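Biologist: I've got a new model open and could use a hand reading it. Can we go through it together?

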Amino acid sequence: MSATTTVRQRRNSKLQKKGQNGKESAKKQNPRLCRYEELPDWQQDNDKILSGYVRETGSFRKCLESLTYMHNETVNIYTHLIPSATYLVLLMFFTDLFLIPQFPSTTMSDYIIINFYLLGAFLCLMCSSCFHCLKQQSETHSDLWSKVDYMGIIILISCSTVSILYYGFHDHLLHFKIFTVITVVLGSCCAAFVLNDRFNAKNWRVCRASFFIGFAFSGIVPIVTGVLEFGITEAFRRVQVKFVAWEAVFYIGGAVLYGFRIPESLAPGKFDLFGHSHQLFHVLVVLGSLCHFRAVLGSYLWVHTGNYYPNFLALK
Ligand SMILES: [Zn+2]
């Protein structure tokens, strides 16, 4: 046995001890958590996030208990749960208590369209929170909830597109109906696609991100139609393109970070609990949904008052 070999062996045994101590201390901190390499195959997804995983719970109650301690899905859950609850409150009270008293000219169509969007935002974010909280129960539940999560995204994109179509073509109902039918058909195709088990495969991540961007971008066609029909200024004010463009920036930015796993792929293990790509994606989705809500309100005000309010918070 050479001296070099002995030094190497000592170094290796030190590293192994260090690794074991790390694992043991992680177990001591919370026995319900584990590291990436301890996960069964069905739970392994992102090898750049090394620790903080909730072990398979085997029960719904234990999944709900995971809301009370910190793990690498905690931020994912709450970044959508809190905004989801906020959209639910808006859905119940906003149009009735705020909008209609201020603008008695509000029609039933306005009421339905605005609440339709709020319902879509609530459902999308709630489905996402449920997925991140309940997927640890078992492989079967993980597959089921991931499909629910994707369906939530399709619902939000569909509700967003229809609300834009309504205000873009509120006085051109044939256009509104044709584009709405196209959106429903595209949404149904997407739903059929995401319900297919292959769509959920690990190596389809970039494809998944591109797929949802493609569906969301189908909304450009009616905007271009509006520009050709009404001219650029009128069309941009009808659908509040400034806010829709910001919405697109947030959604695309989020999808790119998600697709390429930035920043954890640059520094594996450094963003396990805070700051990894999925959390950033969630925050950007919420910002995008707020921009869309602002666009819908701006379009509503344009129709009812003829005024254009370019600032995000200035609605008067
Ligand atoms: Zn998510």
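Predicted model: local features only at pLDDT ≥ 70, side-chain atom pairs only at ≥ 80, totals over all residues.

Biologist: Which residues touch the most other members of the largest nonpolar core?

Modeller: A nonpolar core is a set of buried Ala, Val, Leu, Ile, Met, Phe, Trp, Tyr and Cys residues joined through C-beta atoms within 7 Å. Buried means that 20 or more other C-beta atoms lie within 10 Å of a residue's own, with C-beta atoms placed from the backbone. This core has 52 residues, and those touching the most other members are Tyr117, Ala121, Cys124 and Val296.

Biologist: Which helix gives the most to this core?

Modeller: Helices here are DSSP runs (H or I, at least four residues), numbered from the N terminus. Those giving two or more residues include H3 (74-102), H4 (108-134) and H11 (277-305). With 13 residues, the top giver is H4.

Biologist: How do H5 and H6 run, roughly parallel or roughly antiparallel?

Modeller: Their axes, lines fitted to C-alpha atoms over the stretch in contact, have angles from 0 to 180 degrees between N-to-C directions. The H5 and H6 axes come within 10 Å and cross at roughly 170°. Angles over 145 degrees count as roughly antiparallel. So H5 and H6 are roughly antiparallel.

Biologist: How far apart are the end C-alpha atoms of residues 77-100?

Modeller: An unreviewed UniProt entry lists this span among those for "transmembrane region", and such annotations may be inferred rather than shown by experiment. The span is 100% helix and 0% strand, and its end C-alpha atoms lie apart by 33 Å.

Technical notes. Residues numbered from 1 in each chain as written. Buried ≥ 20, exposed ≤ 12 C-beta atoms within 10 Å, placed from the backbone. Parallel < 35°, antiparallel > 145°, perpendicular 65-115°, else oblique.
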